[in-house]
Each structure stands twice: as structure tokens, then as C-alpha cells.
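Reader: I have a new model open and would like to learn how to read its packing. Could you walk me through it?

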Amino acid sequence: MKPPIDSLILTVRDQKVILDADLAGIYGVPTKALNQAVKRNAERFPGDFLFQLSDAEKQEVVTGCDHLARLKFSKTRPYAFTEHGALMAANVLSSPD
């Protein structure tokens, strides 16, 4: 059973966001596929749609959110999608859902 979406929403840089791994789970695609689709369509994602967490922000969300413990040892910093960015991600994904 998937967690409720509202439990996946975090506040980073005074914005409500959802991290790439959680958004990929919602859309039923691997995180890598989500991030590749975003990179292929970078012009559709201005700075107010998504941003990459700093090392300090990554550490803070991993420490504060039990479901993100899997990111603790990841070498990459996650992307944070705002509401508009999450909607645009749905548009650029080739997901069957």
C-alpha cells in the first residue's frame, strides 16, 4: 500500500515540494526514468518548478523523514518538485498510468 500523497510533501526553501523518488513512485516509474524525462525536457521546468537539494538539505530531509532513509547513502542529491513541477512531470513521462 502506498503512503498518502500528503505524507510525502515536504517543506524545503519555504516551498512545499515532493522529492523525485517519491514522485516517481506515485507515477509508477523508476526515479532514473523520471529524472531522464525531466532532463530531456529541461526547457519545460523553470526554477520555480524544481530544484536540486543541497547536501545540507538532503541530510536534513533524510534525518527528518523515515521513509527517505534509503537516500542516506545515495551519491546523488535528489530533485525537489513544486506542485507545478509535479504536474509537468506527469506531462513528460511516458507512463501507462
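Author: Gladly. This is a predicted model, and its largest nonpolar core has 18 residues. Leu23, Tyr27, Leu34, Phe45, Phe81 and Ala89 have the most contacts inside that core.

Reader: Which helices each supply at least two residues of this core?

Author: They are α1, α2 and α4 (83–92). The largest share comes from α4, with four residues. Take Ala89: leaving aside neighbours within four places in sequence, Ala89 touches Leu23, Tyr27, Leu34, Phe45 and Phe81. Another core, of 12 residues, lies apart from this one and includes Val12, Leu19, Leu71 and Ala80.

Reader: How do I read two packed helices?

Author: Two packed helices are described by the angle between their axes and the distance between the axes. Here, the axes of α1 (residues 20–27) and α2 (residues 31–40) come within 8 Å and cross at roughly 100 degrees. An angle of 65 to 115 degrees counts as roughly perpendicular, so α1 is roughly perpendicular to α2. Asp20, Ala21, Leu23 and Ala24 of α1 make the contact with Thr31, Leu34 and Asn35 of α2. By type, the contact residues are four nonpolar, two polar and one charged.

Reader: And what about aromatic rings?

Author: A pair of aromatic rings is described by the distance of the centres and the angle of the planes. In this model the count is one aromatic pair. Phe45 and Phe81 form it edge-to-face, 6.3 Å centre to centre with 80 degrees between the planes.

Reader: Where in the chain do Phe45 and Phe81 sit, and are they buried or exposed?

Author: Phe45 is in the loop between α2 and β3 (50–52), while Phe81 is in strand β4 (residues 79–81), 36 residues apart. Both Phe45 and Phe81 are buried.

Note on methods
Residues are numbered from 1 along each chain as its sequence is written. This is a predicted model: local features need pLDDT of at least 70, side-chain atom pairs count only at pLDDT 80 or more; totals for chains, interfaces and linings use all residues. Side-chain values use heavy atoms; hydrogens and water are left out. Axes are lines fitted to C-alpha atoms, for helices over the stretch in contact, and angles run from 0 to 180 degrees between N-to-C directions. Angles under 35 degrees count as roughly parallel, over 145 as roughly antiparallel, 65 to 115 as roughly perpendicular and the rest as oblique. Contact means heavy atoms within 4.5 Å. Ala, Val, Leu, Ile, Met, Phe, Trp, Tyr, Cys and Pro count as nonpolar, Asp, Glu, Lys and Arg as charged, and the others, Gly among them, as polar. A nonpolar core is a set of buried Ala, Val, Leu, Ile, Met, Phe, Trp, Tyr and Cys residues joined through side-chain atoms within 4.5 Å. Buried means under 20% relative accessible area, exposed over 50%, partly exposed in between (1.4 Å probe, protein chains only). Rings of Phe, Tyr and Trp (its six-membered ring) pair if their centres lie within 6.5 Å; planes under 30 degrees apart count as stacked, over 60 as edge-to-face and the rest as tilted.
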